[in-house]
Amino acid sequence: EIINSTIAQNETVGDFSPGGGVSLNTGTLNVIQSTLSGNRTIGADSHGGGISAELGSLRLVQSTVTANVEGQTSSATGGGIYCTSHTVAVHNTIIAGNTDASSATDSAPDLSLISSHAGPGSVRSSLIGRSNGSCLTTTTGTSPDNLGNFVGGSTAATTLDARLNPLRSNGGRTLTHAPRGDSLVIARGSAVLAVNTGGQPLTVDQRAEAPILRSRGNSVDIG
């Protein structure tokens, strides 16, 4: 498990070297209230600038994946996350502001998700910056889809900006991207989905030692 952690400024440099921040090939990976920022892959066939999950099970809860880069211009995809895992859950999570340098038609700047592997409702109460490659439908304005997701369009002009501040100290032991006051993520997550792997409620954010509540009635912040 990755809990209350920040994984930042890492890279893989060889060909067939997926997962600039994290690579999952088997088993289960739970990413709980954590940040992946500024990671990258630069080799051919090296998917997933932030996370590559090609096998096993992947679950993200109240996490932020941003500013990661898949740097190869062809034969790789998934700037933020590349996922072909058979079990996927993305809850109350920001995946936005990532880059896929691929010129391929299946490029996915933020989330590359295989539809046959992701069951209905795999992504809930989350913000996805670009829809291409994610199997998600673009939303409009400040209205989420029926699962609580905000999803940007498939072009740079229709990207959904999560409105995050730079990675820096915002309290606690780790660096984080705090949302700006006008961000869509504030109080738009689901308190029901804000639970750890044991099903216990998450009442504070990644800055676990800073006594700052993120729950707001039946809502929590996304990310």
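Visitor: Which residues does Ile51 touch, not counting residues up to four places away in sequence?

Guide: In this predicted model, Ile51 touches Gly19, Val22, Leu36, Leu60, Gly80, Ile81 and Tyr82. Ile51 itself has its place in strand β8, residues 51-53. As for Leu36, its C-alpha atom and that of Ile51 are separated by 8.2 Å, with the two residues 15 apart along the chain.

Visitor: Why is Ile51 called buried?

Guide: Buried means under 20% relative accessible area. Ile51 comes out at 0% relative accessibility, so it counts as buried.

Visitor: And why does Ser125 count as buried?

Guide: Try the cut-off again: Ser125 has a relative accessible area of 7%, which is under 20%, so Ser125 is buried. You'll find Ser125 in the loop between β17 and β18.

Visitor: What is said about the phi of Ser125?

Guide: Its phi is positive, about 50°, although Ser125 is not a glycine. Arg163 also isn't a glycine, and it has a positive phi of about 55°. Arg163 is found in the loop between β19 (150-151) and β20 (168-169).

Visitor: What makes Arg163 partly exposed?

Guide: Partly exposed is the range between under 20% for buried and over 50% for exposed. Arg163 has 31% relative accessibility, so it falls in between and counts as partly exposed.

Visitor: Now the sheet. In what order do the strands stand?

Guide: There are 5 strands in an open sheet, ordered β1-β5-β9-β13-β17, and the pairing is parallel.

Visitor: Why are β1 and β17 said to stand at the edges?

Guide: Each has a single partner strand, so one side of β1 and one side of β17 are left without a neighbour in the sheet.

Visitor: How do you know that β9 and β13 pair?

Guide: Two strands pair if there are at least two bridges between them. Strand β9 (residues 57-61) and β13 are joined by 5 bridges, so they pair, and they run parallel. One example is Ser57, whose bridge partner in β13 is Thr87. Strand β5 (residues 28-32) is also joined to β9 by 5 bridges, in parallel, and there Asn30 has Arg59 as its bridge partner.

Visitor: What makes β13 and β17 a pair?

Guide: They have 2 bridges, and at least two are needed, so β13 and β17 (residues 123-124) pair, in the parallel sense. Look at His91, which stands opposite Arg124 in β17.

Technical notes
Residues are numbered from 1 along each chain as its sequence is written. This is a predicted model: local features need pLDDT of at least 70, side-chain atom pairs count only at pLDDT 80 or more; totals for chains, interfaces and linings use all residues. Side-chain values use heavy atoms; hydrogens and water are left out. Helices (H or I, at least four residues) and strands (E, at least two) are DSSP runs, numbered from the N terminus. Buried means under 20% relative accessible area, exposed over 50%, partly exposed in between (1.4 Å probe, protein chains only). Contact means heavy atoms within 4.5 Å.
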